[in-house]
Amino acid sequence: EIARVRSYWLSHGNGKEIDEAILVGKNAVELESILRSMEAENPLGIRIADVWVNAINVDKYLPPISKADSLEYAIAAGLALDTGRSG
C-alpha cells in the first residue's frame, strides 16, 4: 500500500518524493514493527504519530488517554484543529 501511494504521488505530485510515513490507528504500533523489519525493501522513514503535538502543550496538560488509544482519534483531532480556519 505504501508503494502504491508513493508511486501515485511521484507521478501526480510534481515529482516530489514521499520520504516519511506517519502511522495512526489501533494497529499502528504493530505495523511500525513490521515495516521496520522490511526496511531494506522500503527506504521510507516510519514513525508513530503524536496526536497531540499541534493540539495542546503536553508539558502543561496531558489528556487522560494512552498514546496507543489516542492513535485511533488522530483524524478527528486533525479535523478539529482545522475547524477554526475560515476560507
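Leaving aside neighbours within four places in sequence, glutamate 32 is in contact with Leu23, Ile46, Arg47 and Ile48, where contact means heavy atoms within 4.5 Å. This glutamate belongs to helix α2, and glutamate 32 is buried, with a relative accessible area of 17%; buried means under 20% relative accessible area, exposed over 50% and partly exposed in between, for a 1.4 Å probe and protein chains only. The model is predicted, so local features need pLDDT of at least 70 and side-chain atom pairs count only at pLDDT 80 or more, while totals for chains, interfaces and linings use all residues. Residues are numbered from 1 along each chain as its sequence is written, and side-chain values use heavy atoms, with hydrogens and water left out.

A step back shows the whole chain. Four helices and two strands make up its elements, in the order α-β-α-β-α-α along the sequence; helices (H or I, at least four residues) and strands (E, at least two) are DSSP runs numbered from the N terminus. Of the 87 residues, 23% count as buried. Among contacts between residues at least 6 apart in sequence, 49% join residues at least 24 apart.

The largest nonpolar core holds 13 residues, of which Leu23, Ala28, Ile46, Ile48, Val51 and Leu71 touch the most other members. Such a core is a set of buried Ala, Val, Leu, Ile, Met, Phe, Trp, Tyr and Cys residues joined through side-chain atoms within 4.5 Å. Two or more residues of this core come from each of β1 (20–23), α2 (28–37), β2 (45–48) and α4. Isoleucine 48, not counting residues up to four places away in sequence, touches Ile22, Leu23, Ala28, Val29, Glu32, Lys67 and Leu71.

Next comes the largest pocket, with about 250 Å³ of space. A pocket here is an open set of points on a 1 Å grid over the protein atoms alone, where a 1.4 Å probe fits, with protein on both sides within 12 Å along at least five of seven lines; lining residues have an atom within 4 Å of a point. Of its 13 lining residues, Ala49, Asp50, Val51, Asn54 and Ala74 lie nearest the centre. Helix α4 (residues 74–82) gives the most to this lining, with five residues.

At 64% relative accessibility, proline 43 counts as exposed. Proline 43 and glutamate 20 are 23 residues apart in sequence, and their C-alpha atoms are 9.0 Å apart in space.

Conventions:
Points joined across faces, edges and corners; volume = space filled by probe spheres on them.
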